[in-house]
Amino acid sequence: MKRESVTLLGAGLAGSLLAIYLARRGYEVDVYEKRPDMRAVDIPAGRSINLALANRGIRALREVGLYRQVTELLTPMRGRMLHDVDGDLQFQAYGKSDDEVIYSISRGDLNELLLNTAQYQYGVRFHFNQGVIAADLAQGKVRMRDDDDLRQYVLSDTPFIAADGAGSIVRRQMSKLPGYQSREDYLPHAYKELTIPAAGDGTHQIDANSLHIWPRGDFMLIALPNMDGSFTVTLFLQREGSPGFSELASDDAISAFLQQWFPDAVALMPDAVQQFQANPTGSMVTVYAQPWRVGGRFLLIGDAAHSIVPFHGQGMNAAFEDCYELDQVLSENKIAGVRGWERVFAEFEQRRKPNADAIAAMALENYVEMRDTVRDPRFQAKKQLSWELEKRFEGRFVPRYSLVMFHHVPYAEAQRRGVIQQEILEELLGPDNDPATIDFDKADRLIAARL
Ligand SMILES: Cc1cc2nc3c(=O)[nH]c(=O)nc-3n(C[C@H](O)[C@H](O)[C@H](O)COP(=O)(O)OP(=O)(O)OC[C@H]3O[C@@H](n4cnc5c(N)ncnc54)[C@H](O)[C@@H]3O)c2cc1C
């Protein structure tokens, strides 16, 4: 009997992991990807060179048996290392214990592992250099272009699952249907990646187990470790205004800006100005779309459905959680033809949409936290108090950051609890930010009453 087939559009992080999940369930999976095969051609892996992987992404990888191989690609980051303008350092742990850490991972290495597993272990067929150019949503057809010979052709093997990223052509086309909405909110800030090379002996020049941040109020620099001893550094800065990317056009202006705000980082990057001039400036967008599906024929997943800004390090984690959740929905439903897929897609969207909206909002909030609030003594006192409450009232009070990064509670629930917890922290912490004056009986009562 012919196996039921599913066609995926996009072989990025979500598309290649979902291919594994679906093939594991017995579907025949074809994946069409616009770019060349990253395993054969040296192309940039996409947007950021490395990413923070946390619990949600790890669970999704573990579920398909990949965690052991992924472990070999990970560098743990135990907390934030803040760099002030004078080069003084302050470490802020991410969690209350040593196992509450996040991990830096190379996007290219992870994507290659997923592609290899899908292709060689599960027989998924990948078609590279094949880009979607249009979709006939009513008819369940997709127009493609072969970028090798510019030939156009039509695919009609539904269902299609579009994992074609933040600029999804399928989503943009869906948004023209009556009753469909899609909004792309671009941040006025952009980003640029630079590299701190490894030391001469191949080791890291700054602490390898931290996510480094140079918070400067309206802008910031961050650095995540790579396994080869280097760091990928990202400057987040508004496009217009002062300081802004638009005024950093000449070597002198770039050098003066970096030297003024990030002298200790620049000291580790002798070619920072050349890198700045050579590397592209990227945009950041939050995508709000609804619905994510057309009957049982099309579904959006990952960034195509809900791209978020990168400040919670959750875009990929959320995309991986999508794959995990879609698999759960499939396991609970007996699929039969288009009607079956329609039920599955509807159930998936119903579960994920409120959570996608919640992490989108929390990621935007986290930008202000990373570039600015982390320096505020009240923020630091509340963080300390959160951990104290978590220790004393285990399971009853868990800081929102931990709920998002180290737990699996739905994002919307983390957001809801986070708001209440902030109110409790405000009430408990006096104006002098002194943790010694905390009334823990009152804390117990507030937690019992509100959470
Ligand atoms: C600067 C930055 C830093 C980030 N840091 C983190 C982090 O630390 N942690 C984290 O969890 N997330 C992070 N993210 C978010 C993360 O990159 C995305 O959420 C993740 O890549 C989503 O995976 P995806 O497969 O949905 O989309 P993508 O990875 O964008 O993959 C989409 C794929 O579709 C292909 N495609 C596009 N158009 C077409 C077409 N027309 N036809 C066929 N194929 C097409 C693309 O070539 C690509 O391969 C960051 C993002 C940015 C921009």
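Between which domains does the ligand lie? Domain 1 (5-75 + 105-184 + 284-367) and domain 2 (187-283) both give residues to the shell around the ligand, so it lies between them; the domain bounds come from an automatic or database domain assignment. This is a predicted model, in which local features need pLDDT of at least 70, side-chain atom pairs count only at pLDDT 80 or more, and totals for chains, interfaces and linings use all residues. Residues are numbered from 1 along each chain as its sequence is written.

**Shell around the ligand**
- Of the 36 residues around the ligand, those that come nearest are Gly 10, Gly 12, Gly 165, Gly 302 and Gly 315, where a residue is near if its C-beta atom, placed from the backbone, lies within 6 Å.
- At least two shell residues are supplied by each of several elements, among them helix H1 (13-24), strand S3 (50-53) and helix H10 (315-332), and H10 gives the most, with four residues.
- The shell comprises 16 nonpolar, 14 polar and six charged residues, with Gly counted as polar and Asp, Glu, Lys and Arg as charged.

**Packing of H1 and H4**
- H1 and helix H4 (residues 107-122) pack at an angle of about 25°, with their axes, lines fitted to C-alpha atoms, 9 Å apart.
- H1 and H4 are therefore roughly parallel to each other (angles under 35 degrees), and their crossing is left-handed.
- The contact (C-beta atoms, placed from the backbone, within 7 Å) includes Leu 13, Leu 17 and Arg 24 of H1 and Leu 110, Leu 114 and Tyr 122 of H4.
- By class, this contact of H1 with H4 has 10 nonpolar, three polar and one charged residues.

Notes:
Axes fitted to C-alpha atoms, helices over the stretch in contact; angles between N-to-C directions. Parallel < 35°, antiparallel > 145°, perpendicular 65-115°, else oblique. Left-handed = near helix turned anticlockwise from the far one by under 90°. Contact = placed C-beta atoms within 7 Å.
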